[in-house]
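The following exercises concern a single protein model. Please examine the sequence and the structure before reading the solutions.

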Amino acid sequence: QIVVENAIVTLTDDLGNVTAIPYVDAGQYIRQVTADAGVNYQLTVEIAGTTYEASSFLPEKIEIVELLTEFQEAGFDDAGYELLIRYNDPGDVPNYYRVIHHLNGILQNEASDLQVMNDDFNNGVLTRAPLLTDIFAEGDTIGIELIHFDRASFDYFNSLANIIGEGGAFGGGIAAPGNPNTNWSGGALGYFSAYSSDMEMVIAE
């Protein structure tokens with residue numbers, strides 16, 4: 001593992017704020033900042049004379065209206081409780097989401113737990129989206145984080161989901177593996193994302 005300790009990392013926004021991000025330890029550059037919805041953020045990293053840049057738009061938080069669990073008989077999946085997320089999708093612009101879940105207090109972070117969504121078929125309506133990655137047992141405590149982010153962030157995770165064969169927004173993988181889409185310049189891998197999120201919990205019953 002290569003640790004870069006001498007990079008110059010700068011966060012700027014279209015409000016004119018410029019923030020230097022200091023090196024902390026073990027290749028990590030960390031600074032707490034207050035971010036504003038509706039603002040574009042740009043991260044610049046200079047390493048040995050080479051500059052890498054990425055930008056991300058921070059959208060408004062989308063609140064979870066309700067989490068529902070419904071018992072499903074065995075069929076395509078095992079018998080158990082399906083989780084449904086209800087939220088109001090804004091109708092003025094395209095919207096992109098990622099769902100992260102905890103099961104009984106433990107983050108579910110395997111490749112098969114990656115789920116992203118867009119509003120191509122539910123723009124501007126009260127949406128009832130299923131968690132596609134898990135079926136739960138009675139009494140399970142499920143924590144949901146609904147992330148609202150920009151198109152570039154969605155493209156990264158959706159392409160990553162396709163590469164690892166778990167489907168993207170609508171299922172199905174691609175035949176040949178490659179690198180996921182990135183919003184970084186200079187051929188860098190990974191992504192830079194500003195996002196808002198809402199979190200709720202429910203017990204399967």
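This is a predicted model: local features need pLDDT of at least 70, side-chain atom pairs count only at pLDDT 80 or more; totals for chains, interfaces and linings use all residues.

**Exercise 1.** Determine whether Ser196 is buried or exposed, and describe its surroundings.

*Solution.* Step 1: locate the residue. Ser196 belongs to strand E14, which spans residues 196-203.
Step 1: apply the cut-off. Buried means under 20% relative accessible area. Ser196 has a relative accessibility of 12% and is therefore buried.
Step 2: list the polar contacts of the side chain. The Ser196 side chain lies 3.1 Å from the backbone oxygen of Pro59. A polar atom of that side chain is also 3.3 Å from the backbone nitrogen of Lys61.
Step 3: widen the view. Leaving aside residues up to four places away in sequence, Ser196 touches Leu58, Pro59, Glu60, Lys61, Leu146, Ile147 and His148.

**Exercise 2.** Characterise the largest pocket and its lining.

*Solution.* Step 1: state the volume, which is about 340 Å³.
Step 1: identify the lining. It comprises 14 residues, of which Leu11, Val33, Phe192, Ser193 and Ala194 are the closest to the pocket centre. Strands E1 (8-13) and E5 (39-47) each give two or more residues to this lining.
Step 2: classify the lining residues. By class, 12 are nonpolar, 1 is polar and 1 is charged.

Terms used
Residues are numbered from 1 along each chain as its sequence is written. Side-chain values use heavy atoms; hydrogens and water are left out. On a 1 Å grid over the protein atoms alone, a cavity is a set of points where a 1.4 Å probe fits but cannot get out, and a pocket is an open set with protein on both sides within 12 Å along at least five of seven lines; lining residues have an atom within 4 Å of a point. Grid points are joined across faces, edges and corners, and a volume is the space filled by probe spheres set on the points. Helices (H or I, at least four residues) and strands (E, at least two) are DSSP runs, numbered from the N terminus. Ala, Val, Leu, Ile, Met, Phe, Trp, Tyr, Cys and Pro count as nonpolar, Asp, Glu, Lys and Arg as charged, and the others, Gly among them, as polar. Buried means under 20% relative accessible area, exposed over 50%, partly exposed in between (1.4 Å probe, protein chains only). A polar contact is a pair of N or O atoms within 3.5 Å; within protein, one must be able to donate a hydrogen and the other to accept it, and residues adjacent in sequence count only if both atoms are side-chain atoms. Contact means heavy atoms within 4.5 Å.
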